[in-house]
Amino acid sequence: MRSKPNPNGRYAAKLLFQFKVSGAGWQNKRRLCEERIILLSAASARAALTMAKKRGRASQHSYDNSDGNRVNFQFVGVLDLLELGVECDEDEVWYEINERLLPMERKTAIIPPERDLCAIRNERQRTGQG
């Protein structure tokens, strides 16, 4: 089935990568993974998917870690592809719609403290504040 043209042409793809470590006759089974969201301009969902896969494969690389083991950063696949249509603001890059039980009433259990947000935590570490 062919994708319909997207007049807006904006898509977001969530890509999955793994860090596969291997040494003399062994490899790790429990792997650190990265989920990455990228923005794409494409005429259709199928074209956006092709672009996302190409970008994922192009991101693959390998290196030797400090223990002398080989680390392969590998593209696993596309977790999701989202069309960013007219319902999205121009600076919106991703959205998910789901159902939650009493989200406002359970806000403190759902929303992490600001100090635990990744960018805030990393900034504190870089500046030596914690």
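1. Two strands count as a pair if DSSP finds at least two bridges between them. Keep that in mind for strand 4 (residues 61-64) and strand 5 (residues 70-83): they pair in the antiparallel sense, with four bridges. One more thing before going on: what you're looking at is a predicted model.

2. Let's stay with that pair for a moment. H61 has F73 of strand 5 as its bridge partner. The hairpin of strand 4 and strand 5 has five residues between the strands, and G68 takes a positive phi near 85° there.

3. Now zoom out. The protein chain has three helices and five strands. Follow the sequence along and you get β-β-β-α-β-β-α-α. The chain's radius of gyration is 19 Å, while the globule rule gives 14 Å for 130 residues, so the chain is more spread out than a compact globule.

4. How much of the chain is buried? Buried residues make up 25% of the 130 residues. The accessible surface comes to about 10,100 Å², and carbon and sulfur atoms account for 51% of that.

5. Contacts are worth a look too. Take those between residues at least 6 apart in sequence: 60% of them join residues at least 24 apart.

6. Last, the charges. The protein chain carries 22 positive and 17 negative side chains. The centres of these two sets lie 9 Å apart.

Definitions and conventions: Residues numbered from 1 in each chain as written. Predicted model: local features only at pLDDT ≥ 70, side-chain atom pairs only at ≥ 80, totals over all residues. Heavy atoms only, no water. Helix = DSSP H or I, 4+ residues; strand = E, 2+ residues; numbered from the N terminus. Rg over C-alpha atoms; globule rule 2.2 N^0.38 Å. Buried < 20%, exposed > 50% of the residue type's maximum accessible area, 1.4 Å probe, protein only. Contact = heavy atoms within 4.5 Å. Areas by Shrake-Rupley, 256 points an atom, 1.4 Å probe, with all protein chains shown as cover. Lys, Arg positive; Asp, Glu negative; His and termini not counted. Charge placed at Lys NZ, Arg CZ, Asp CG, Glu CD.
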